Amino acid sequence: MATPAPITSQFWNESTGHCDCCGRTSKTIWGDLSDQSGSLAVYFVQWTVSAPEHDPIIDLIIGPWGEGSEPAARVLVSLAYRPSTRGGSFMVVDAVGRRADDRKICGRALSRHEVINTLLAEQAFSLVDALWLTEPRIAEVRDLNRVSCRRSIDGLSSARSGSCKQRTREQDFSQD
Ligand SMILES: [Zn+2]
């Protein structure tokens, strides 16, 4: 099997704001992920600074981004990163209602069950791997592992009690 072409991230910009639930500083970075064939996805990573109990969210808008490409040809897939002192983990979450769930950006935001166990999930995880390897600003997200408080990384139940954002997503799940 041929080695897949490396995917690299290109940083575009960043912004800071405040977490909706606790008012602490939140940060968003965005850019694109591409290989030799061109852009594969645009990423947004949003996290609350020094708050490992809030899962950072990675929004990936996957599809064509070249000249003349249509937003309708792209989909939004969101992943949560759960910091842990044992090393963080990723899981696909509901993308519906995320900020990038916008028809000027993508044709559709996908819910978790539309993504898990599909080729698109594999693609999303390889994009996120590349992001973690090639985006230097991710170091700040990775550092959340070190300040991570003692919380179980097993299952969603622990996350439900740990984060009000997570509760919002759970409500989203029950609507579909
Ligand atoms: Zn908060």
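**Entry 1: overall layout**

I began by listing the elements. The chain has six helices and seven strands. I read their order from the N terminus as β-β-β-β-β-β-β-α-α-α-α-α-α. I then looked up burial, and buried residues account for 34% of the 176 residues. I also looked up contacts between residues at least 6 apart in sequence, and 52% of these join residues at least 24 apart.

**Entry 2: confidence**

I checked how far the model can be read. The average pLDDT of the chain is 86, and 81% of the residues score at least 70. Over residues 152-176 the pLDDT stays under 50. For that stretch the model has 30 contacts beyond four places in sequence. Where pLDDT is low, predicted coordinates should not be read in detail. I left that stretch there.

**Entry 3: the strands, in order**

I followed the pairing from β1 onward. Strand β1, residues 8-18, pairs with β2 in the antiparallel sense over 10 bridges. In this pair I found E14 opposite I29 of β2. The two strands form a hairpin with six residues between them. In its turn, G23 has a positive phi of about 80°.

Next I looked at β2 and β3, which are antiparallel with 10 bridges. D32 has V42 in β3 as its bridge partner. The hairpin from β2 to β3 passes through two residues.

I went on to β4. It pairs with β3 in the antiparallel sense over six bridges, and Y43 stands opposite L60 of β4. β4 also pairs with β5, again antiparallel and over six bridges. There I57 is opposite A80 in β5.

Which residues of β4 are buried on each side? I noted I57, D59 and I61 on one side, and I58, L60 and I62 on the other. By count, six of the six residues of β4 are buried.

**Entry 4: the nonpolar core**

I looked up the largest nonpolar core and found 36 residues in it. Those with the most contacts inside it are A41, Y43, L60, L76, V77, A124 and L127. Which elements supply at least two residues each? I wrote down β2 (25-35), β3 (38-48), β4 (57-62), β5 (75-82), β6 (89-93), α2 (119-134) and α3 (138-142). Of these, β3 gives the most, with seven residues. Nonpolar side chains tend to be buried together in soluble globular proteins.

Setting aside neighbours within four places in sequence, L60 is in contact with A41, Y43, V77, A124 and L127. Y43 is also the residue that stands opposite L60 in the strand pairing.

**Entry 5: A124**

I finished with A124, which lies in helix α2. Is A124 buried or exposed? A124 is buried, because 24 other C-beta atoms lie within 10 Å, and 20 or more is the cut-off.

I listed what A124 touches, not counting residues up to four places away in sequence: L60, I62, V77, L79, V92 and V115.

Notes: Residues are numbered from 1 along each chain as its sequence is written. A nonpolar core is a set of buried Ala, Val, Leu, Ile, Met, Phe, Trp, Tyr and Cys residues joined through C-beta atoms within 7 Å. A residue is buried if 20 or more other C-beta atoms lie within 10 Å of its own, exposed if 12 or fewer, and partly exposed in between; C-beta atoms are placed from the backbone. Helices (H or I, at least four residues) and strands (E, at least two) are DSSP runs, numbered from the N terminus. Two residues are in contact if their C-beta atoms, placed from the backbone, lie within 7 Å. Two strands pair if DSSP finds at least two bridges between them. pLDDT is the predictor's confidence in each residue, from 0 to 100.
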